[in-house]
Amino acid sequence: LFPPPTSRCPTHTRTRKAMPPKQILKGNKGSKSKTPKTKVVRFQIRCQKPVDDGIMDCASFEKFLHDHIKVNGKTGQLGDTVKIVRDKAVITIIAKAPFSKRSLKYLTKKFLKKHQLRDWLHVIADTRTSYELRYFEIQGDDDDEEED
């Protein structure tokens, strides 16, 4: 059945050891679901300051996002995977898992450039899941006043 032991190592013989029985794990076997749940992510873009000053319309920004967000390589067809909700000057994007926050920043900057607001506004990540549109702070005006 087995070949004879080699002359190099006379102490080792080729015999099979009995394997221990398989361990049975405790727990509910039926609790695992076949379909994994998709994670929902929420991102906010706050544009309160420009809307209060009247230089930007939040509704047109919402329409721009709706027309330019890509789902499965197609723009304008969000379906049920992406929802855009506007509450006064805060736009909330609710999407299923593979959705990039960085793409929202890109689209926001593209909107600002299209409406010639990029020279006055920039996009800041104030929290992990939100962006805010803020004015640039100009330091040169303060220095002139201090010198006098």
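Biologist: How are helix 2 and helix 3 oriented to each other, parallel, antiparallel, perpendicular or oblique?

Modeller: In this predicted model, the axes of helix 2 (residues 58-68) and helix 3 (residues 101-114) come within 10 Å and cross at roughly 125 degrees. Angles of 65 to 115 degrees count as roughly perpendicular and those over 145 as roughly antiparallel, while the rest, apart from those under 35, count as oblique. The two helices, helix 2 and helix 3, are therefore oblique.

Biologist: Is the crossing of helix 2 and helix 3 left-handed or right-handed, and how do the residues of the contact divide into nonpolar, polar and charged?

Modeller: The crossing of these two helices is right-handed. From helix 2, the residues S60, F61, F64, L65 and H68 meet L107, T108, K110, F111 and K114 of helix 3. By class, the residues of this contact divide into 5 nonpolar, 3 polar and 2 charged.

Biologist: Which strands are the edge strands of the open sheet?

Modeller: The open sheet is formed by 5 strands with mixed pairing, in the order 4-5-1-7-6. Pairing on one side only marks the edge strands, which are strand 4 (82-87) and strand 6 (121-127).

Biologist: Which residue is the bridge partner of R46 in strand 7?

Modeller: Strand 1 (residues 40-46) pairs with strand 7 (residues 130-135) in the parallel sense, over 3 bridges. Within strand 7, R46 has as its bridge partner E132.

Biologist: What angle does the direction of helix 2 make with that of strand 4?

Modeller: Helix 2 packs on the sheet, where it touches strand 1, strand 4 and strand 5 (90-96). Between the direction of helix 2 and that of strand 4, the angle is about 175 degrees.

How values were computed: Residues numbered from 1 in each chain as written. Predicted model: local features only at pLDDT ≥ 70, side-chain atom pairs only at ≥ 80, totals over all residues. Heavy atoms only, no water. Axes fitted to C-alpha atoms, helices over the stretch in contact; angles between N-to-C directions. Helix = DSSP H or I, 4+ residues; strand = E, 2+ residues; numbered from the N terminus. Left-handed = near helix turned anticlockwise from the far one by under 90°. Contact = heavy atoms within 4.5 Å. Nonpolar A, V, L, I, M, F, W, Y, C, P; charged D, E, K, R; others polar. Pairing = 2+ DSSP bridges.
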